[in-house]
Amino acid sequence: MVKNIAVIRGDGIGPEIVNEALKVLNKVAELYGRTFNYTDVDMGGCAIDKYGDPLPESELKKCVESDSVLLGAVGGNKWNDVPGNMRPEKGLLRLRAGMGVYSNNRPAKIWKQLSDASPLKKEIVDKGVDFIIVRELIGGIYFGEHKTEGDTATDVLRYSEAEIERIGRIGFETAKKRNKKLCSVEKSNVLDSSRLWKKVMHRLAAEYPDVELSDMLVDNCAMQIVKNPAQFDVIVTENMFGDILSDEASMITGSIGMIPSSSLGSTTCGLYEPIHGSAPDIAGKDVANPIGTILSAAMMLRYSFDMNKEADAIENAVSKYLDEGYRTADIMSDGMTLVGCKGCGDLIVKYLTKE
Ligand code: NAD
């Protein structure tokens, strides 16, 4: 089965970390008899330099026509003074809109080998933290009417059943591919939009009898993420709640360079990228941690290509690399072996085996 992947290296550490992820994908292709074709796409600062535009239509078209997109990161000080609508990050917003991705999915996993990096107490971490937050991305209060009249400001929070249903389905489908537990997070004791949210989630639940649905109020969820994160498998929530909870969840893992993400819409063509930025302070020094990007590639295999064994193999190789005591500088600790970005990619390729 041939899969066409649009590859956006971007700026700063982007090209370095993406190269390592491609090495890993190539090894997967070799072991599992898959074919991945790569199409280079210019986006961000490098596209501004080349075309005067962070994402020209021709580049966006390559992404929309692909089977999925792998992105490093964009942006950097060099482009700080370009006008707002031409900034590198505008390319990213246009890409998300152009691809029609309305859900952002971020895993919060504490690798047992890195449990010391988590700000949570050891006994909480030891219960095992591994969940995903599925956040609605293009609706809710961020996209409602905003106005200020005199001394009063108003922001409108609006959701339709259709908008809730499509993100709800991503939540259920994600849970189906994991441990089959979905927690729907809202504020139904106060908000009408949350009561509608809850109603739609329960209607959908009838279509997913193998997934166990629970409800949680957002304020409680914020507490539970630090008190007992092991209880969660998949959390599905609206835009603003998801924005806040996913940042909270990434903090408890303690290592920004390790966290992947996916953004999905109504097709299987998704956008996969690490959650960190282009880290201009360490660009070109071969010290960046490529694992967030490598795990984003694994998410692509699992959620867009239905290649679960291959995704497991990548995650197991990362785990083995950590077991063997290798660390990039960002997660280095006493007694471990320091490696660079390339070294990290090479070792993960070495530990990648057919399960
Ligand atoms: P950043 O995530 O790039 O860096 C924050 C800190 O984390 C830095 O000290 C950096 O060295 C470190 N870091 C990040 N990724 C790392 C990795 N893989 N390995 C080791 N260390 C890593 O955030 P920032 O400094 O606020 O932003 C830098 C640029 O990135 C800005 O131009 C910003 O707009 C852009 N940005 C892009 C994206 C994206 O492309 N999706 C996301 C966030 C920020």
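1. The side chains of D130 and R178 form a salt bridge, with an N to O distance of 3.5 Å. D130 belongs to strand β5, whereas R178 sits in the loop between α6 (161-176) and β8 (181-186), so this pair ties together parts that are 48 residues apart in sequence. The model under discussion is a predicted one.

2. A second pairing of this kind joins K187 and D219, whose side chains meet in a salt bridge at 2.8 Å, N to O. K187 is placed in the loop between β8 and α7 (192-205) and D219 in helix α8 (residues 218-227), so the contact ties together parts that are 32 residues apart in sequence. K187 has a relative accessible area of 18% and is therefore buried, the limit being under 20%. D219, with 41%, counts as partly exposed.

3. D42 and K50 also form a salt bridge, and their closest N and O atoms are 2.9 Å apart. D42 is buried, with a relative accessible area of 18%; K50, in contrast, is exposed, with 57%. Side chains of opposite charge can pair when their charged atoms come close.

4. Beyond these individual pairs, a network of salt bridges links E161, E165, R169, K199, R203 and E207. The count of salt bridges comes to 28.

5. As regards the domain organisation, the assignment for the protein chain gives domain 1 (1-106 + 255-355) and domain 2 (119-253). Their C-alpha centres lie 25 Å apart. The contact takes 17 residues from domain 1 and 18 residues from domain 2.

6. How much area do domain 1 and domain 2 bury between them? The value is about 1,500 Å², of which 57% is on carbon and sulfur atoms. On the domain 1 side, Y102, R106 and Y303 lose the most area to domain 2, together accounting for 50% of what that side buries. The size of an interface is often given as the accessible area lost when the parts come together.

7. Between domain 1 and domain 2 the count is 1 salt bridge. R106, one of the residues of domain 1 that lose the most area to domain 2, forms a salt bridge with D247, the closest N and O atoms being 3.3 Å apart.

8. M201, in helix α7, deserves a separate remark. Is this residue buried or exposed? With a relative accessible area of 0%, M201 is buried. Leaving aside residues up to four places away in sequence, M201 touches I164, G168, F172, S184, L213 and V236. M201 and D126 are 75 residues apart in sequence, and their C-alpha atoms are 31 Å apart in space.

9. Which residues make the nonpolar surface patch of about 290 Å²? The patch is made by I138, Y142 and F143. I138 is located in the loop between β5 (130-136) and β6 (146-149). The relative accessibility of I138 is 37%, so this residue counts as partly exposed. D130, of the first point, lies in strand β5, one of the two strands on either side of that loop.

How values were computed:
Residues numbered from 1 in each chain as written. Predicted model: local features only at pLDDT ≥ 70, side-chain atom pairs only at ≥ 80, totals over all residues. Heavy atoms only, no water. Patch = residues over 30% accessible without salt bridge, like charges linked within 9 Å, V, L, I, M, F, W, Y side chains within 5 Å. Areas by Shrake-Rupley, 256 points an atom, 1.4 Å probe, with all protein chains shown as cover. Salt bridge = Lys/Arg side-chain N within 4 Å of Asp/Glu carboxyl O. Helix = DSSP H or I, 4+ residues; strand = E, 2+ residues; numbered from the N terminus. Buried < 20%, exposed > 50% of the residue type's maximum accessible area, 1.4 Å probe, protein only. Domains from an automatic or database assignment. Contact = heavy atoms within 4.5 Å. Buried area = accessible area lost by both parts, 1.4 Å probe.
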